[in-house]
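Open the model in your viewer and keep the sequence panel beside it. This tour tells you what to select next and what is there.

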Amino acid sequence: MTIVGIVGAGVMGAGIAQVALEAGWEVVLHDVDPDAIERARDSVRQGLARRAARLDLDDDSIEAWVDGRAAGLRHAHVLDGLATEASLIIEAALEDLYLKRTIFRALGAEASPEVILASNTSALSISEIAKATDRPDRVLGLHFFNPVPLMALVEVVPGSSTAPETVERAEDVVRAWGKTPVRSADRPGFIVNRVNRPYTIEALRMVEDGVADVVGIDDAMRQAGFPLGPFELMDLSGLDVNLAAARGVWSGLGEPARLQPSRIQERLVATGRLGRKSGAGFYRYADGRRGEVDPEFARRPGRPLGADKIRARIEAAIVEEARFAIDDGVASPDDVVTALRLGAGHPDRFLATL
């Protein structure tokens with residue numbers, strides 16, 4: 001049985017573990033927090049049970065399927081043990097360059113030369129992470145999307161020294177796990193976090209300009225076929241998480257005015273209004289359920305833009321950023337379209353305009 005090592009037992013690490021187990025791989029999971037390991041075990045088992053329920057199996061077969069795959073999950077107490085067992089190691093730790101470089105330095109010292117070392121980072125430079133090892137040719141990014149078991153996209157990100165063979169082997173694994181790989185250059189935001197950045201930035205700008213309101217924008221974009229409105233999306237993912245990504249892309253690209261983070265979002269994060277997880281963001285939440293729009297954002301402009309103009313303004317900003325990214329060599333046009341379809345849920349009607 002092929003073995004994958006996973007460093008970090010949070011939401012992303014547990015999701016990646018579940019996907020690997022479903023594909024018949026053995027998983028060795030490492031985290032410095034024993035409680036995180038136990039939470040990951042519970043999360044993986046629950047996820048496997050949900051998957052099995054959709055496989056048209058009888059009750060006994062469901063239990064056997066779940067038990068069989070869950071048995072492939074083990075815990076490595078130290079990085080050394082994980083590094084010597086796995087043929088692929090995926091780091092899914094916190095988004096901190098120093099931490100990731102520390103992990104990769106340890107992995108690089110112990111893992112044999114043929115082991116692929118991958119980071120699940122959504123924003124940090126793969127080339128900078130790879131500098132911590134003596135074999136940067138075997139390091140690359142594998143950026144999974146949350147929730148990992150449901151999202152089909154994986155951004156495959158070679159660093160400046162990654163060997164072509166490493167990329168090809170990693171893409172083969174991604175396909176074997178039932179995911180769709182798209183290749184991105186090692187640039188700020190990769191594909192989705194860069195090209196889709198105007199979805200929220202432009203929406204915030206319209207509120208700042210007083211030409212549209214939160215509910216009107218969300219309604220307009222859902223009616224246009226997007227799965228969530230921009231403000232619903234920020235509340236769900238966390239305003240702090242979204243703002244950190246916005247800052248990273250903006251600074252990494254040289255602080256272009258078109259992607260400057262919003263002062264509204266800066267203020268909400270500074271006051272602890274982080275969205276669903278804090279009970280308040282652009283909307284109010286109770287018991288995990290969304291309620292009314294926050295009173296601060298309930299007032300409608302005197303002469304608001306209509307839904308068609310809201311949609312056109314946001315879509316035009318995304319198209320512009322897609323063209324910038326393609327011209328910058330971030331990804332091919334086809335991979336940009338695939339990434340936005342699978343990673344952001346953009347409707348085919350809109351994607352046909354890219």
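Where is Asp287 found? Select it: Asp287 sits in the loop between strand S9 (283-286) and strand S10 (289-293). Bear in mind from the start that this is a predicted model.

**Stop 1: two positive phi values**

Stay on Asp287. Its phi is positive, about 55°, although Asp287 is not a glycine. Most residues other than glycine have a negative phi. Is Asp287 buried or exposed? Asp287 counts as exposed because its relative accessibility is 82%, and the cut-off for exposed is over 50%.

Now select Phe190. Phe190 is another non-glycine residue with a positive phi, near 50°. Look for Phe190 in the loop between strand S8 (180-183) and helix H8 (192-195). The cover around this side chain is another matter. Phe190 has 1% relative accessibility, so it counts as buried; the limit for buried is under 20%.

**Stop 2: a cis peptide bond**

Go to Asn146 and Pro147. The peptide bond from Asn146 to Pro147 is cis, and its omega is near 0°. Most peptide bonds are trans.

**Stop 3: the whole protein**

Zoom out. Colour by secondary structure, and you have 16 helices and 10 strands in the protein. The C-alpha atoms fill a box of roughly 65 × 50 × 40 Å along the principal axes. How does the radius of gyration fit a compact globule? For 354 residues, such a globule would have a radius of gyration near 20 Å; the protein has 21 Å, so the two agree. Buried residues make up 51% of the 354 residues.

**Stop 4: salt bridges between helices**

The protein has 32 salt bridges in total.

First pair: show the side chains of Glu22 and Arg51. They meet in a salt bridge, 3.1 Å from N to O. Glu22 belongs to helix H1 (residues 11-22) and Arg51 to helix H2, so the pair links distant parts of the chain, 29 residues apart.

Which side of the pair is buried? Glu202 is, because its relative accessible area is 12%. Arg313 counts as partly exposed because its relative accessibility is 27%.

Glu266 lies in helix H13 (residues 263-270) and Arg247 in helix H12 (residues 239-252), so the pair ties together parts 19 residues apart in sequence. Glu266 has 28% relative accessibility and so counts as partly exposed. Arg247, with a relative accessible area of 41%, is partly exposed.

**Stop 5: a salt-bridge network**

Which residues are linked in a network of salt bridges? Select Arg267, Arg273, Arg284, Asp294 and Glu296 together; salt bridges link them in a network.

**Stop 6: a negative patch**

Switch to a surface view. Select Asp58, Asp59, Asp60 and Glu63, which form a negative surface patch. Asp58 is in the loop between helix H2 (34-53) and helix H3 (59-70). How open is Asp58? Its relative accessibility is 47%, so Asp58 counts as partly exposed.

**Stop 7: two distances to check**

Use the distance tool on C-alpha atoms. Start with Asp209 in helix H9 (residues 197-209). Asp209 counts as partly exposed, because its relative accessibility is 47%.

Finish with Ala244, whose place is in helix H12. Ala244 counts as partly exposed because its relative accessibility is 47%. How far is Ala244 from Asp219 in space? The answer is 25 Å, C-alpha to C-alpha, for two residues 25 apart in sequence.

Terms used
Residues are numbered from 1 along each chain as its sequence is written. This is a predicted model: local features need pLDDT of at least 70, side-chain atom pairs count only at pLDDT 80 or more; totals for chains, interfaces and linings use all residues. Side-chain values use heavy atoms; hydrogens and water are left out. Patches are made of residues with over 30% relative accessible area and no salt bridge: like charges are joined within 9 Å, nonpolar side chains (Val, Leu, Ile, Met, Phe, Trp, Tyr) within 5 Å. Accessible areas come from the Shrake-Rupley method with a 1.4 Å probe; for residues, only the protein chains shown count as cover. A salt bridge is a side-chain nitrogen of Lys or Arg within 4 Å of a carboxyl oxygen of Asp or Glu. Lys and Arg count as positive and Asp and Glu as negative; His and the chain ends are not counted. The place of a charge is taken as NZ of Lys, CZ of Arg, CG of Asp or CD of Glu. Helices (H or I, at least four residues) and strands (E, at least two) are DSSP runs, numbered from the N terminus. Buried means under 20% relative accessible area, exposed over 50%, partly exposed in between (1.4 Å probe, protein chains only). The radius of gyration is taken over C-alpha atoms; the globule rule is 2.2 Å times the number of residues to the power 0.38.
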